[in-house]
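Hi,

Here is the structure I promised to pass on. Have a look at it first, and my notes follow below.

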Amino acid sequence: RPESEVLFVDTHAHLEYIAQKWRCDITRVLERVREYAPNCEAVVAIFCDPGALSPSLGSWREQLATDMVYGAFGMHPHNAKYYDESMAQRILQCLEHPKAVALGECGLDFHYNNSPRDVQERVFALQLNMAVALEKPVVVHSREAEQATIRILKDNLPAHWKIHVHCFNDSEEMYRELSEHFEHCFFGITGCITFDSSRRLQQLVASVIPLDRLLIETDAPYMTPRGFGCRGKVSHPGFALAVAACIAQLRGCALDEVLGAVRANTTAMYGI
């Protein structure tokens with residue numbers, strides 16, 4: 001298990017899904033996170049489905065009441081077909097919370113196509129415009145939709161906008177096009193970086209994407225890292241430390257250097 005005293009933030013996790021898998025409350029989830037990684041300082045919790053955003057069903061207020069948790073609110077592309085004026089108003093209300101740090105995750109998923117592609121594109125653009133109106137950073141989901149994602153981002157966001165491309169596992173061309181156009185575009189690296197099937201991503205992180213463009217995240221309870229005492233377990237925000245350790249190995253640098261850089265990037269992106 002990696003060890004460091006440098007503080008870090010998991011910039012993307014679904015805490016209520018972890019709680020469901022562990023059959024415990026959020027307080028216990030965060031205790032278990034600290035048991036693995038005492039230097040986990042905070043978590044950006046993602047609320048992006050109708051249930052999570054529901055005033056009666058959602059646990060987001062309870063989560064944001066804990067010191068460690070900040071929130072991002074939006075409509076995941078899987079759920080784009082449920083986006084209407086009432087859902088938009090619900091997201092707006094959530095984003096009024098003082099610990100709401102971003103809009104998202106929103107974007108395009110052309111792998112599963114759980115919502116029609118034209119609906120995904122329209123709802124993505126609507127949410128980007130909402131983010132601009134509210135002056136909120138954006139968390140972007142993009143899977144097998146590189147060119148459409150780039151086009152919609154460029155069409156709807158100013159070049160100075162703060163963007164977190166969540167769970168980045170796309171091409172060097174996408175990285176270059178977004179990073180050259182958007183000066184504050186960051187690329188989130190998950191436990192996927194540890195997978196044998198992620199050779200392209202490993203090469204990009206090792207020698208193409210600079211540290212000042214990276215964020216660490218878990219997408220917990222998904223994307224459990226391989227190795228680092230994580231394999232076979234439900235992912236949780238502490239495992240972002242394993243992501244950082246893998247980045248350090250790939251780049252041939254110290255873990256503390258990676259953690260220091262991504263911590264500064266987290267402040268630049270989210271103000272945390």
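**What I found**

D212 sits in the loop between α9 (199–207) and β8 (214–216); helices here are DSSP runs of H or I with at least four residues, strands are runs of E with at least two, and both are numbered from the N terminus. Before you read on: this is a predicted model, where local features need pLDDT of at least 70, side-chain atom pairs count only at pLDDT 80 or more, and totals for chains, interfaces and linings use all residues. Residues are numbered from 1 along each chain as its sequence is written, and side-chain values use heavy atoms, with hydrogens and water left out.

Back to D212. Not counting residues up to four places away in sequence, D212 touches F186 and N265, where contact means heavy atoms within 4.5 Å. D212 and Q249 are 37 residues apart in sequence, and their C-alpha atoms are 17 Å apart in space.

The largest pocket holds about 530 Å³ of space. Its lining has 23 residues, and D109, H141, R143, D219 and M223 are the closest to the centre. Two elements, β4 (100–109) and β5 (138–143), are the ones that give two or more residues to this lining, and β5 gives the most, with three. By type, the lining divides into seven nonpolar, nine polar and seven charged residues. (Nonpolar is Ala, Val, Leu, Ile, Met, Phe, Trp, Tyr, Cys and Pro; charged is Asp, Glu, Lys and Arg; the others, Gly among them, are polar.)

How the pocket is defined: on a 1 Å grid over the protein atoms alone, a pocket is an open set of points where a 1.4 Å probe fits, with protein on both sides within 12 Å along at least five of seven lines, and lining residues have an atom within 4 Å of a point. Points are joined across faces, edges and corners, and the volume is the space filled by probe spheres set on them.

T190 is in the loop between β7 (184–189) and α9, and T190 is buried, at 2% relative accessible area. (Buried is under 20%, exposed is over 50%, and partly exposed is in between, with a 1.4 Å probe and protein chains only.) Leaving out residues up to four places away in sequence, T190 touches C167, E217, T218, D219, M223 and V243.

In soluble globular proteins, nonpolar side chains tend to be buried together. The largest nonpolar core in this model has 90 residues, and F73, I91, F168, L178, I216 and I247 have the most contacts inside it. Helix α10 (residues 240–251) gives the most to this core, with nine residues. A second, separate core has 14 residues, including A72, V101, M269 and Y270. A core here is a set of buried Ala, Val, Leu, Ile, Met, Phe, Trp, Tyr and Cys residues joined through side-chain atoms within 4.5 Å.

Take one residue from each. F168 touches M174, Y175, F187, G188, I189, L201, L204 and I209, again not counting residues up to four places away in sequence. V101 lies in strand β4 and is buried, at 11% relative accessibility. With the neighbours within four places in sequence set aside, V101 is in contact with V44, Y70, G71, P137, Y270 and I272.

**Cysteines**

Which peptide bonds are cis? One runs from G104 to E105, with omega near 10 degrees, and E105 lies in strand β4. A cis bond also joins A220 and P221, with omega about 15 degrees; P221 is in the loop between β8 and α10.R23 is not a glycine but has a positive phi, near 55 degrees. R23 lies in the loop between α1 (15–22) and α2 (26–36) and is exposed, at 80% relative accessible area. For N113, also not a glycine, phi is positive too, near 50 degrees. N113 is in the loop between β4 and α6 (117–134) and is partly exposed, at 31%.

Cheers
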